Amino acid sequence: MAATPRFRNDAVAAPDADPHLDPARDSASADRKHPVDETLPPLRMFTSGLQHVAAMYAGVVAPPMILGPAVGLTPKETAFLMGASLFTAGLATLLQTLGFWRIGARLPFVNGVSFAGVTPMVAIGKDRGHDGIAVIFGAIIVAGLLGFLLAPYFCKLVRFFPPVVTGTVITLIGVSLLPVAFNWSQGGNATADDYGSTTNITMAAVTLVIVLALRKLLRGFLQQIAILLGLVVGTLIAIPVGITDFGAIKDADLVGFPTPFHFGAPQFEVAAIVSMCIVMLVCMTESTADMLALGRIVDRPADERTIEGGLRADTLGSAISPLFNGFMCSAFAQNIGLVAMTKVRSRFVVAAGGGILIVLGLVPVAASVIALVPLPVLGGAGIVLFGSVAASGIQTLATAALEKGENALIVAAAVGIGLIPIAAPDFYHAFPKDALVVLDSGISTGCVVAIVLNLAFNHLGRKPDPDPSPQEQSPAAAAPVAAH
């Protein structure tokens, strides 16, 4: 396959360039922007950004939906937390995509509430009401500031993420997300009477077929927003089927700003802070892997400086979120699948999605419109999205020289251990709750195993080769893998 062309804003002609080439053509080539930095027409920008919001919406509002009742909040207070989570996810996404100074990866990178923190947050705040929320917010602020200080050092670990590691982690990201899509396809609520009903699963299958058909039949821009169109068509079909809930629109306020420290001033407890600092390290590990994955997909490999900026945006967004009643922010891997599938690489599209999230956080009635999409419909589309992430990981592994040394063994062990929380969710039930923060995340455990085994087999006690092979190169130096 022909190499994908590189794009650079500061491109210059090579010293030995042919002097007979057209100077105007050379100038146009030199000024050509990388697709990541291109802006699209307003309508395409909005609809493509809305597609990202539709893909991540359920993931953003799910943690506050779980946490609110667990700590003893009323339904209205839980709805307030959901709006605040949308608002802070928008702020964090703008930090990542637009950035300032050395903050932000400046990639089409979506941020939102991290699922990694749900279990420890429930343990911290259970049945404590507003005090529980205040303790959680205090712990997140400290963890965010600590992560911000660690970012310049954490990013230097990038050389320990060669293709054999990144490909394994990207594959695990996709595979780990598929159960989320399967849960949505069944209805999302395991205690509901219609969970796993033929109606829900049929709607998911119909949506999946619609998305695949639209991708096959449409061309150009319409093909790029096939996911969004599939969600719209699936939702319209779901109305006469009877699984579309309009209650969210009826109960939503027209305008609602997430009042700073709505639940009281943050409180600081040592045990809670330690727990959330562990979660922050987990989130930083996952975000690093996600940035490496996204860098390959958009043909702008993430180097140390990119990862440092991305981690700073993650951690600063997390530290700021509690001010507006939001939670710890991290990368949303499902949106990486959307980038891979649509091939729309502009970071400004995702920034538009961040702007939409802010509006949804400020206008609850608008957020409720997005919430009209039934979970089975979202699950059907999610199968394609999350499967695209796994496919990108497999493509990366194809460049990792698995026939050399013990690379195949590294992948086998890391994928096997990473699949434990998916295949056997209760496998670690006897371990301490704090350990479950890491062990219950297949992405985290698989990433750690891949890094450790890569160090053991490819670094420790080994002399560097004069001509390093692809699996020994850093991700920044490795050839990019095109996503299809």
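This report covers a helix crossing, a nonpolar surface patch and a salt bridge in a predicted model.

Local features need pLDDT of at least 70 and side-chain atom pairs count only at pLDDT 80 or more, while totals for chains, interfaces and linings use all residues. Residues are numbered from 1 along each chain as its sequence is written, and side-chain values use heavy atoms, without hydrogens and water.

Helices are DSSP runs (H or I, at least four residues) numbered from the N terminus.

| Helix | Residues |
|---|---|
| Helix 5 | 129-154 |
| Helix 7 | 198-217 |
| Helix 9 | 226-241 |
| Helix 11 | 270-297 |
| Helix 14 | 347-362 |

The axes of helix 7 and helix 9 come within 9 Å and cross at roughly 145°. Axes are lines fitted to C-alpha atoms over the stretch in contact, with angles from 0 to 180 degrees between N-to-C directions. Residues in contact (heavy atoms within 4.5 Å) include Met203 and Ile210 of helix 7 and Gly230 and Val233 of helix 9.

Helix 5 gives the most, three residues; Leu281 lies in helix 11.

Asp37 and Arg347 form a salt bridge (side-chain nitrogen of Lys or Arg within 4 Å of a carboxyl oxygen of Asp or Glu), with closest N and O atoms 2.9 Å apart.

Methods. Helices (H or I, at least four residues) and strands (E, at least two) are DSSP runs, numbered from the N terminus.
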